[in-house]
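Visitor: I'd like to talk through the aromatic rings in this one. Could we go over them together?

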Amino acid sequence: MVGLPYHVPASKLSLLLHHVLLPVIVVAAAAAAVDGVCCSHQNLLSVHALQWGDKSLPRSTSSGRRRSHTSTAMLEMRQQHQVSRHITNHDDYVSKLLIADEARVSSLQSRISNKLPQDSSGAQVPLVSGIKLQTLNYVATIGVGGKNMTVIVDTGSDLTWVQCKPCFYCYSQQDPLFEPSASPSYQYVPCNSTACYSLQAATGSAGVCGADWSTCSYAINYGDGSYSRGLLGRERIDVGGASIEGFTFGCGLRNHGLFGGTAGLMGLGRTQLSLVSQTTDRFGGVFSYCLPTRMLGSSGSLVLGDDPDAYKNSTPISYTRMLSDPQQAPFYFLNLTDMSVGGVALEAAGFSNGRILIDSGTVITRLVPSVYQALKAEFVKQFSGYPPAPSFSILDTCFDLSAYEEVNVPRLRLGFEGGMEMTVDVTGIFYFVKRDASQVCLAMASLQYEDQTGIIGNYQQKNQRVVYDTVASRIGFAEEACS
């Protein structure tokens with residue numbers, strides 16, 4: 001089926017400009033017929049702007065929402081917005097966020113190429129955008145020793161950590177620092193423990209023993225220069241109303257980097273120290289999320305455990321095989337077999353080796369050069385009626401939509417092994433650089449080399465229920481209006 005575009009009104013672009021961070025496209029409850037194509041093949045969309053400074057949004061708590069399904073608890077994912085007054089140069093700020101995203105991608109490529117080693121109940125966790133906390137990643141609020149902590153949710157990391165007292169060098173965070181000495185349930189992890197031995201696979205660095213072997217120090221470095229160093233500990237954590245006793249995590253005493261105002265990071269990778277692996281006996285090694293758009297008040301969820309009743313998907317969940325590589329245990333790989341733009345199948349040599357990483361911590365999707373060039377050429381061909389705009393940072397396919405009331409956006413589909421397809425939500429097609437829509441860019445970028453590994457970033461995962469089943473080694477997708 002060729003030429004089934006999204007239909008996007010671009011009006012009202014100048015509204016509320018003093019509150020805007022990143023304008024995004026949002027689905028409106030309407031449909032229209034364009035060029036004789038039946039309205040059922042199009043979505044009528046409005047361009048709105050993210051607003052900062054809305055203090056009416058309730059703050060998520062670790063208790064989440066209790067469900068009648070007793071095996072599941074929920075944590076909400078939602079955008080947060082309040083720091084626009086601290087941003088003096090919008091373009092520089094967005095550019096720095098994209099540069100940080102590029103640094104993460106470079107780090108992931110290095111880790112992949114170096115081949116670093118590596119009764120079901122449920123919890124549903126509120127999952128929100130981290131814009132309020134000056135990060136383009138998604139965050140959730142959990143309880144650590146009874147104290148609420150807002151952390152970045154990351155499928156590309158394993159160790160969960162938060163900043164702790166006494167902190168010798170900490171960045172500024174929204175929540176109070178966790179104080180181990182004030183928690184009767186906190187315990188240090190000894191050096192001769194399995195958890196300490198597992199740090200090499202989880203972080204790339206071996207644990208370091210304390211003087212009397214009673215403690216185990218960790219160090220984790222990220223591609224953008226960020227890092228966390230501290231001691232391994234055990235503590236009760238609360239996720240969506242479910243309590244997990246004796247959870248092993250990092251108590252960060254020296255931390256630096258682009259973590260925004262979060263308290264730390266939640267690791268959802270595949271090695272022994274990840275939240276998924278530590279709770280396999282309880283949650284069955286299954287988790288899923290629905291990432292909301294970056295609109296004011298939008299929200300999604302992180303679900304631990306396999307409870308379809310907790311999902312709100314509008315299409316059936318279709319699964320594809322999760323590729324296994326023991327030498328790259330932390331990561332989730334899929335096999336990308338094809339792509340289409342506006343119903344036109346792309347032809348590219350890169351599909352012959354289509355291994356691609358899916359990652360909640362990377363923002364912009366990266367494709368190998370042959371696939372990206374095919375995508376770019378077809379997209380520009382179908383979008384040729386709109387004037388081009390200069391490139392921005394890592395984004396090289398940009399347009400000026402400021403003069404248009406409506407915009408027809410080609411549909412973008414990704415095909416995976418086994419015939420499974422994912423249609424990218426329209427909010428994941430364009431990245432709005434300029435507040436007046438005079439610089440709107442295709443939200444995908446090219447890798448440098450053909451032998452690098454592609455990455456599906458969180459920007460293209462919005463409004464999808466993404467299910468990770470680590471026991472059955474499969475990943476599923478379904479459309480879901482997370483917002």
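Visitor: Is tyrosine 386 buried or exposed?
Guide: This is a predicted model, and in it tyrosine 386 has a relative accessibility of 15%, so this residue counts as buried, the cut-off being under 20%.

Visitor: And how many aromatic pairs are there in the whole structure?
Guide: A search of the whole structure gives 22 aromatic pairs. In one of them, the ring centres of tyrosine 386 and tyrosine 404 are 5.0 Å apart and the planes stand at 75 degrees, so the pair is edge-to-face.

Visitor: Which parts does that pair tie together?
Guide: Tyrosine 386 is in the loop between α6 (369-382) and β23 (388-389), while tyrosine 404 is in the loop between β24 (398-399) and β25 (406-409), so the pair ties together parts 18 residues apart in sequence. Tyrosine 404, at 26% relative accessibility, counts as partly exposed.

Visitor: What about tyrosine 431 and tyrosine 459, how are their planes set?
Guide: Their planes are at 40 degrees with the centres 5.4 Å apart, so that pair is tilted. Tyrosine 431 belongs to strand β28 (residues 430-432) and tyrosine 459 to the loop between β31 (454-456) and β32 (464-469), so parts 28 residues apart in sequence are tied together. Tyrosine 431 counts as buried at 1% relative accessibility, and tyrosine 459 counts as buried at 2%.

Visitor: Changing topic, which charged end sits over the ring of tyrosine 459?
Guide: That of lysine 462, which lies 3.6 Å from the ring centre. Elsewhere, the charged end of arginine 229 sits over the ring of tyrosine 227, at 4.4 Å from its centre.

How values were computed
Residues numbered from 1 in each chain as written. Predicted model: local features only at pLDDT ≥ 70, side-chain atom pairs only at ≥ 80, totals over all residues. Heavy atoms only, no water. Phe/Tyr/Trp six-rings, centres within 6.5 Å; stacked < 30°, edge-to-face > 60°. Helix = DSSP H or I, 4+ residues; strand = E, 2+ residues; numbered from the N terminus. Buried < 20%, exposed > 50% of the residue type's maximum accessible area, 1.4 Å probe, protein only. Lys NZ or Arg CZ within 6 Å of the ring centre and 35° of its normal.
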